[in-house]
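Hi everyone, thanks for making the time.

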Amino acid sequence: MKSIISCIIYVCICLFMQPASAQTINWANSGRAHIVNAHIGADYGVVYGVGYAYKTGTSFPLVAKLGFSVPSGNQPLDDFATQYGIEMQVLQWRGLRATAEVQGIYRRFQNDLVTAKNFGAKMSISLGLYKSRWFAAAEAGFDKAIVTHFQHSASYEQEFPLVKNGWYHPPTGGNFSYGLRTGLSFNRNVLALRLGSIVAEDFKSRPMLPFYVQLGYNYQIPIRAKH
């Protein structure tokens, strides 16, 4: 029975460890702004998401982000993820810019055997060329599930009465992701594409879908300075 429980926990954690969807910013667009976002991507299946961000207008701007994503399916609220964090421009030399981002992540996963709720975190960096009309950058990140709560179904508990519900530390490590982000900007709009590869923390194993792809749209609402 322990091996079956371990397998269920492993599968749930693997699902949790997929990269969180995120807004992709063109850092060449200066000034304070509200940014609304919608995106679709491949992330252990087709995933839809929406988000909001607030961008400051300082010399080294930062963006506070909030996002919500669900997989496609008949009952989308059975599985979902929320992301909240800050991304900051840490380096600029002409059109070359580097950013760093920290996210907190809450994920929920449910099937016929278990409902799992997970708290995790992701750290990422990017480096690339940003112009007013376009941008292209390399990105890398590390996503880790920190703690997970399991609530097993009644049918599962009847089959395995010794199973325990509650909080578990994840039996697996994290996932590294690396890839590219690029996009086009026009007026207040940004069309962005992110794609890359995923590898486990041990650099040996990969998830069932070892890559990620995300197509996103941002609409930027400038904030006028008060006089």
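Let me begin with a term: two strands pair if DSSP finds at least two bridges between them. Helices (H or I, at least four residues) and strands (E, at least two) are DSSP runs, numbered from the N terminus. With that in hand, look at the hairpin of strand 9 and strand 10, which has two residues between the strands. There, Asn187 takes a positive phi near 55 degrees.

A word on what you are seeing. This is a predicted model, where local features need pLDDT of at least 70 and side-chain atom pairs count only at pLDDT 80 or more, while totals for chains, interfaces and linings use all residues. Residues are numbered from 1 along each chain as its sequence is written, and side-chain values use heavy atoms, with hydrogens and water left out.

The predictor's confidence in each residue, from 0 to 100, is called pLDDT. Its mean over the chain is 85, and 84% of the residues reach 70 or more. Which elements have the lowest and the highest mean pLDDT? Helix 1, residues 2-16, has the lowest at 50, and strand 9 has the highest at 95. Where pLDDT is low, the predicted coordinates should not be read in detail.

Now the overall layout. The chain has two helices and eleven strands, and along the sequence they follow the pattern α-β-β-β-β-β-β-β-α-β-β-β-β. Of its 227 residues, 46% are buried, meaning under 20% relative accessible area, with exposed being over 50% and partly exposed in between (1.4 Å probe, protein chains only).

Let's stay with strand 9, residues 175-186. In a regular strand the side chains alternate between the two faces of the sheet.

What does strand 9 pair with? Strand 7, residues 134-152, pairs with strand 9 in the antiparallel sense over ten bridges, and Gly141 stands opposite Ser177 there. Strand 10, residues 189-200, also pairs with strand 9 in the antiparallel sense, over twelve bridges. The bridge partner of Arg181 in strand 10 is Arg194.

Arg181 takes us to the charged side chains. A salt bridge is a side-chain nitrogen of Lys or Arg within 4 Å of a carboxyl oxygen of Asp or Glu, and by this rule there are six. One of them joins Glu87 and Arg181, with the closest N and O atoms 3.2 Å apart. That pair links strand 4, residues 80-93, with strand 9, across 94 residues. Another joins Glu139 and Arg181, at 2.8 Å between the closest N and O atoms. Glu139 lies in strand 7 and Arg181 in strand 9, so this pair ties together parts that are 42 residues apart in sequence.

Are these residues buried or exposed? Arg181 counts as buried at 6% relative accessibility, and Glu139 is buried too, with a relative accessible area of 6%.

Arg194 also meets Glu139 in a salt bridge, 3.2 Å from N to O. Salt bridges that share partners join Lys65, Glu87, Glu101, Glu139, Arg181 and Arg194 into one network. As for Glu101, this residue is found in strand 5, residues 96-110, and is buried, with a relative accessible area of 5%.
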